[in-house]
Amino acid sequence: MNDRFESLQLFVRVARTGSFSVAGREMGMTQPTASRTLAALEKKVGIALFTRTTRAVTLTEAGADYLARVETILAALDEADHAARGTGELRGILRIATSTSFAVRSVMPRLQGFKDKHPRLRIEFILNDEKQDLIGEGVDVAIRIGALTDSLTWTAKKVGVVRRVLAAAPAYLAQAGTPTSPAELPQHSIIVGPAGRGMEGWAFTKDGKTTSVRVEGTLLVNGGEGATAAAVAGLGIISAGELGMLKELQSGQLVRVLPDWKMGSADINVVLPAGRAAKPSARAFSDFMSAEIRKQQALVDQI
């Protein structure tokens with residue numbers, strides 16, 4: 001039984017990392033031992049779970065289905081262990097997915113409080129400013145800003161709202177002038193980060209009236225941190241969520257542009273696997289970050 005449990009844990013890690021050597025090292029095995037262990041598992045199951053090439057190890061269609069079922073079983077065992085201990089102590093690995101900018105600004109500065117409560121928990125972050133494949137990457141909990149596209153397999157809890165605003169460095173506005181209406185934006189240098197990509201135009205509302213302006217980005221950046229840094233450097237006007245520029249707005253490195261005009265907003269959601277598959281550690285992190293995001297939202301409201 002222990003050998004089967006260990007082989008299933010190894011199977012999940014190889015599926016997540018795409019590497020026998022990395023997964024084996026995480027479990028204290030050599031690469032040949034990890035390879036033999038999974039070959040034995042495949043023989044027992046009766047079907048190939050991985051496609052092996054010299055460059056990569058990828059799941060077969062049967063392997064992907066097997067992974068979804070095995071992860072549910074392992075999560076249930078993890079919860080049973082957690083309940084049996086009765087101490088609230090969390091162990092194992094927690095895989096968290098979010099954007100790089102949100103992790104840097106909203107998660108990492110507050111993470112120590114969660115780690116102090118659960119010192120035996122190993123935390124792994126999967127950071128990407130594009131939408132991640134939560135199932136494919138074996139994510140336990142994610143924090144997402146904006147529309148959710150995979151709601152059938154995940155449950156989401158709204159924990160806050162990010163308002164989208166315009167901002168620029170004082171030096172840029174001193175040189176290029178401060179726009180007094182959205183119609184003047186096409187005459188300015190515009191920085192387009194992840195939130196603004198693919199949009200036909202920027203919509204603004206004031207006194208109950210809405211206007212839309214088509215702008216061409218003069219600088220396109222696929223990461224939120226890079227886009228904010230470009231704005232601080234005086235390279236143009238940026239449209240982004242307030243949370244992604246909170247520090248710069250507080251310090252005066254960036255100032256609001258067209259503050260009387262409202263742009264759109266996006267929900268902040270903590271996302272967990274649907275049903276009983278959510279790990280105790282994932283639920284604990286969800287509760288922790290929900291409280292922390294509400295605190296940060298209060299700081300934004302003071303600007």
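Buried means under 20% relative accessible area, exposed over 50%, and partly exposed in between, with a 1.4 Å probe and protein chains only. The model described here is predicted, so local features need pLDDT of at least 70 and side-chain atom pairs count only at pLDDT 80 or more, while totals for chains, interfaces and linings use all residues. Residues are numbered from 1 along each chain as its sequence is written, and side-chain values use heavy atoms, with hydrogens and water left out.

Leu77 counts as partly exposed because its relative accessibility is 38%. Leu77 belongs to helix 4 (residues 61-85); helices (H or I, at least four residues) and strands (E, at least two) are DSSP runs, numbered from the N terminus.

Helix 5 (residues 100-107) is largely enclosed by the rest of the structure, because 6 of its 8 residues are buried. Among the buried residues of helix 5 are Phe102, Arg105 and Val107.

Strand 11 (residues 237-241) contains Ser239, which is buried at a relative accessible area of 3%. Leaving aside residues up to four places away in sequence, Ser239 touches Arg164, Val165, Leu166, Ile191, Trp202 and Met263, where contact means heavy atoms within 4.5 Å.

Most residues other than glycine have a negative phi. Asp207, between strand 8 (202-206) and strand 9 (209-213), has a positive phi near 55°. Leu258, in the loop between strand 12 (255-257) and strand 13 (265-273), has a positive phi near 50°. Asp207 is exposed, at 74% relative accessible area, whereas Leu258 is buried, at 7% relative accessibility.
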